[in-house]
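User: I would like to learn how to read charged pairs, strand pairing and helix geometry from a model. Could you take me through them in turn, with the general idea placed beside each case?

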Amino acid sequence: MDGSEKNASSLLSRLRQQSDAVRAAETPRRSTEDILRDIDQRLWRLYRFLDEVLAHLAVIKPVVAQQFRVDQLLSLSGLHFEQGFVSYRRRHLAGQELLDYVETFYRLAGRQPLKFRVAPGSVGNLENRLRNAGIPFRYEAELDERKVIKAGSFLITPAVTASVRFSPDYRSHEIGVRLTNVDRFESVDLEFKPEQFVEDAFEDLVHMMLGESNAFLRRAPLAGVGAARKAPVIDEEVVYRVEKTLRSR
């Protein structure tokens, strides 16, 4: 590219930026009602998307490319998608019926129980970790001839129950997302701007649920990180109206 072409390209780039800035300044400011309605509609699209995706996954039952570790003692892998469902609740706010939250639960399961044997000193730690992670297990103490515990024997059901909760903050115009046991045994909170809540993001979430990619985590900052939250823009008592839950599959 010669100098004249570079200058033309640079000029065109500057003109585009200036044009976009003028258009943004001239765009009428949306009303609070329109903003709330937009957040609500985006959550409804999410609900319908997850409803269909979970139905397909319950039939296909794909193996999840994810490894769930319990400290350094135990690792669950080769789990398959077993079942899931999505639910929501609505509330009355600012004169509108809006979604209060959308939440999906799903279960991953292994094919065969796992037998695990640990030293007596590790029994308590493993028991606590399994309970905190919600992993079903059965424990038996192995005794020696003097009736002293020589080892702890665990029969573990390889299963993980995970959830993702989407909680809109209509006052600050944000959507909070809490992922629990999605890619590890812990919870992670993210904050989305409504305009980030698009189908591409929904697809990234499903890829993460299946252990294929963590791109969803890069779409939004961790909750509480960054600039201070906006001041409230709605001053109205919240009244909950109705709760609906999709049947379990």
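User: Which residue forms a salt bridge with Arg-184, and how far apart are the closest N and O atoms?

Analyst: Side chains of opposite charge can pair when their charged atoms come close. The criterion for a salt bridge is a side-chain nitrogen of Lys or Arg within 4 Å of a carboxyl oxygen of Asp or Glu. Here Arg-184 pairs in this way with Asp-183, with the closest N and O atoms 3.1 Å apart. This is a predicted model, in which local features need pLDDT of at least 70 and side-chain atom pairs count only at pLDDT 80 or more, while totals for chains, interfaces and linings use all residues. Residues are numbered from 1 along each chain as its sequence is written, and side-chain values use heavy atoms, with hydrogens and water left out.

User: Are Arg-184 and Asp-183 buried or exposed?

Analyst: Buried means under 20% relative accessible area, exposed means over 50%, and partly exposed lies in between, with a 1.4 Å probe and protein chains only. Arg-184 is partly exposed at 40%, whereas Asp-183 has a relative accessible area of 11% and is therefore buried.

User: How many salt bridges does a search of the whole structure find, and which residue pairs with Arg-178?

Analyst: The search finds twelve salt bridges. Arg-178 forms one of them with Asp-189, where the closest N and O atoms are 2.8 Å apart. That pair links distant parts of the chain, since Arg-178 lies in strand 9 (residues 174-180) and Asp-189 in strand 10 (residues 187-192), eleven residues apart. Helices (H or I, at least four residues) and strands (E, at least two) are DSSP runs, numbered from the N terminus. Both partners are partly exposed, Arg-178 with a relative accessible area of 41% and Asp-189 with 28%.

User: Which residue forms a salt bridge with Asp-204?

Analyst: The partner of Asp-204 is Arg-219, and their closest N and O atoms are 2.5 Å apart. Asp-204 belongs to helix 4 (residues 199-209) and Arg-219 to the loop between helix 4 and strand 11 (239-245), so that this pair, 15 residues apart, links distant parts of the chain. Asp-204 is buried, with a relative accessible area of 15%, while Arg-219 counts as partly exposed at 30%. Elsewhere, salt bridges that share partners join Arg-89, Arg-91 and Asp-100 into one network.

User: In which sense do strand 3 and strand 4 pair, parallel or antiparallel?

Analyst: Strands of a sheet pair through backbone hydrogen bonds, either parallel or antiparallel. Two strands count as paired if DSSP finds at least two bridges between them. Strand 3 (residues 80-93) and strand 4 (residues 96-109) are antiparallel, over 13 bridges, and Val-86 stands opposite Thr-104 in strand 4. The two strands form a hairpin with two residues between them, and Ala-94 in the turn has a positive phi of about 55 degrees.

User: What is the strand order of the open sheet of three strands?

Analyst: The order is 5-7-6, with antiparallel pairing. Strand 5 (114-118) and strand 6 (137-143) are the edge strands, each pairing on one side only. Strand 6 pairs with strand 7 (residues 149-156) over seven bridges, and Ser-153 in strand 7 is the bridge partner of Glu-140.

User: What span should helix 2 have?

Analyst: The expected span of a helix is 1.5 Å times one less than its number of residues. Helix 2 (residues 32-60) has 29 residues and should therefore span 42 Å, which agrees with the 42 Å between its end C-alpha atoms. Just after helix 2, Lys-61 takes a positive phi of about 55 degrees.
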